[in-house]
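Here are my notes for you to check against the structure. Keep the 3D view open and follow the points in order.

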Amino acid sequence: MSDNKNTVLQAATELFGDKDPSAVDRWVAADYTQHSSLAADGPQALRGLVAGLGADFRYEGARVIADGDLVALHGTYHGFGPDPLVGFDIFRVADGRLAEHWDALTPYVKDTVSGRSQTDGPAETTDADRTEANRALVTEFAAKVLVGADYSVLTDYISTETYHQHNPEAADGLAGFGAAAARWAEQGRNLVYTEVHRVIAEGDLVLVQSEGEFGVPVAYYDLFRVADGKIVEHWDVIAPVPAELPHANGLF
């Protein structure tokens, strides 16, 4: 396990597992930069958030991806509100401390179209030697298909045989995605990607953080699993961009 991955997991355990505000002193940089819509900037705001967590709060982790100084978590938050929230968190680590944070949350959906949950599936990264090839594949896919909206090349990147879908409104396979996209368009929710901000890769897992529109301005967090040079699985969070943030750092 990388040092940065270990740092984030230990910090998250103490902050959100033990709900210990003093963990901020041990794990968070003095100039901690916050991009979340849930907290103001700096370590003191994070301390206040942790101190305010209720007895029923818990975090259920699904997978972790480490890429240089960035570590991404995928999991489910229980107790932030009346219903669970599925989320992605990205932390930048500097000198062994959490230095910057981005996130996106969406409501947990019990009954999904595919029958898969928003977080189930393979949890551990594999194919470490394929990290850069998989990053290149997904980066090109994001540029041509997501931002470029050229769906004619979809099968150059996504497997026609296996495409496990965890978006709660889409069925498995390319046909399932196509049917969902058609329904969304009828509802005035066209998938529009305008800019890719980060691509985080470790082995067979590649997370793409983007912005665009889905009826309203949104943040897109798309996690892809790659096997044999093709995308075979997809998890995501699509979160509306709030009109105001509790800091001046922007969402991205």
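1. Start with the hairpin made by E7 and E8, which has 2 residues between the strands. In its turn, Gly-203 has a positive phi of about 60°. This is a predicted model. The pairing of E7 and E8 is antiparallel and runs over 9 bridges. To check it, find Val-192, which stands opposite Glu-213 in E8.

2. Next, the largest nonpolar core, which has 26 residues. Which members touch the most others? They are Val-138, Phe-141, Tyr-157, Phe-224 and Ile-231. Two or more residues come from each of helix H4 (131-147), helix H5 (173-186), strand E7 (192-202), strand E8 (205-213), strand E9 (217-227) and strand E10 (230-240). H4 gives the most, with 6 residues. In soluble globular proteins, nonpolar side chains tend to be buried together.

3. Now pick out Phe-141. Beyond its neighbours within four places in sequence, Phe-141 is in contact with Leu-146, Leu-154, Tyr-157, Ile-158, Phe-224 and Ile-231. Another core, of 25 residues, lies apart from the largest one. Its members include Ala-12, Leu-15, Val-24 and Leu-105.

4. Turn to helix H3, residues 43-51. Its buried residues are Pro-43, Leu-46, Leu-49 and Val-50. Why are they on the same side of H3? Because they cover an arc of only 115° around the axis.

5. What does that buried side of H3 pack against? The partners are helix H1 (3-17), helix H2 (23-27) and strand E1 (28-34). The face turned away from the buried side carries the exposed residues Gln-44 and Ala-51.

Terms used:
Residues numbered from 1 in each chain as written. Predicted model: local features only at pLDDT ≥ 70, side-chain atom pairs only at ≥ 80, totals over all residues. Heavy atoms only, no water. Core = buried A, V, L, I, M, F, W, Y, C linked by side-chain atoms within 4.5 Å. Buried < 20%, exposed > 50% of the residue type's maximum accessible area, 1.4 Å probe, protein only. Helix = DSSP H or I, 4+ residues; strand = E, 2+ residues; numbered from the N terminus. Contact = heavy atoms within 4.5 Å. Arc of directions from axis to C-beta. Pairing = 2+ DSSP bridges.
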